[in-house]
Amino acid sequence: MIFFYLALFGLIGTSILAFFSNIAGWLTKSGALTMVVLGTAIFTLSPEMTFYLALFFASSYGIQALKKQLHTELASDKNGPRDAWQVLANCGPLLLFLLIELWTKDPRFALCQITAIAAATADTWSSEIGVLSKRPPRLLFSLKPATAGLSGAVSLLGTLAGVAGSGLVALFWGLFHWLFAPETPFYYGLVLLLGFAGTLIDSLLGAFLQVKYRTATGELTDKAHTGQQPNTYAKGLPHFTNDGVNFVTGVLAGLFAFLIQ
């Protein structure tokens, strides 16, 4: 019976959040519908994890609002409202680990869940705040300058933002345990490090496996089209976009959290 009430509260809460997120231009209609479905499932399984997930989305929306004011131009293939694939990429790893914990009854998957959220937050802060850097990002290993927003490129500002994003989730995770479950380990430093490691995993996957294109002017980009002009395939796995990278990153970060316990 408790699952029914949790599902009901989750449906109402996520529906309200998704509706206003769509009105505000933060989510597309498909993204809002996906948030309702995934958010309801996650709240039913873990109201606590839903809070951290809400923290991730709230901070992401704040960054998006700032970038909109600055009219930042990016090389990324995802610059507008979040669609269904983006919501799935960010929420999917958390839901996956929640279902595995429900199936196995193994409490170690709790650390996997919070790590997946920390990694998503760190990656979002890193990529979206990093584009505000006055210095162009550098490609991994070659260290050549790249267009702001290109997957696989890193900057000092983006790196520090990733640490801050992961640290925010770890801070609230630690405060929750300190207040309500002081007898259980909360691994504050571990969550921070694993969350930040997610940005490194994301950068590696983005640099070597994510699909890339060449614009008519020869610039490397994540976008399949520049305006109405199709870009030319350059490298990477076809159809393995930034959404796929984000999903795999969350899963890998969570698996690392499980293995080191």
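So, cavities: the count comes to one of 30 Å³ or more, where a cavity is a set of points on a 1 Å grid over the protein atoms alone where a 1.4 Å probe fits but cannot get out. Keep in mind that this is a predicted model, with local features needing pLDDT of at least 70 and side-chain atom pairs counting only at pLDDT 80 or more, while totals for chains, interfaces and linings use all residues. Residues are numbered from 1 along each chain as its sequence is written, and side-chain values use heavy atoms, with hydrogens and water left out.

Back to that space. The largest cavity holds about 70 Å³, a volume being the space filled by probe spheres set on the points, joined across faces, edges and corners. Its lining, meaning residues with an atom within 4 Å of a point, includes Ala89, Asp123 and Gly250. H4, H5 and helix H8 (242–259) each give two or more residues; helices here are DSSP runs (H or I, at least four residues), numbered from the N terminus. H5 gives the most, with four.

Now the other end. Which way do H1 and H2 run relative to each other? The axes of H1 (residues 2–23) and H2 (residues 29–45) come within 8 Å and cross at roughly 155°, axes being lines fitted to C-alpha atoms over the stretch in contact, with angles from 0 to 180 degrees between N-to-C directions. That makes H1 roughly antiparallel to H2, a label for angles over 145 degrees.

Notes:
Angles under 35 degrees count as roughly parallel, over 145 as roughly antiparallel, 65 to 115 as roughly perpendicular and the rest as oblique. On a 1 Å grid over the protein atoms alone, a cavity is a set of points where a 1.4 Å probe fits but cannot get out, and a pocket is an open set with protein on both sides within 12 Å along at least five of seven lines; lining residues have an atom within 4 Å of a point.
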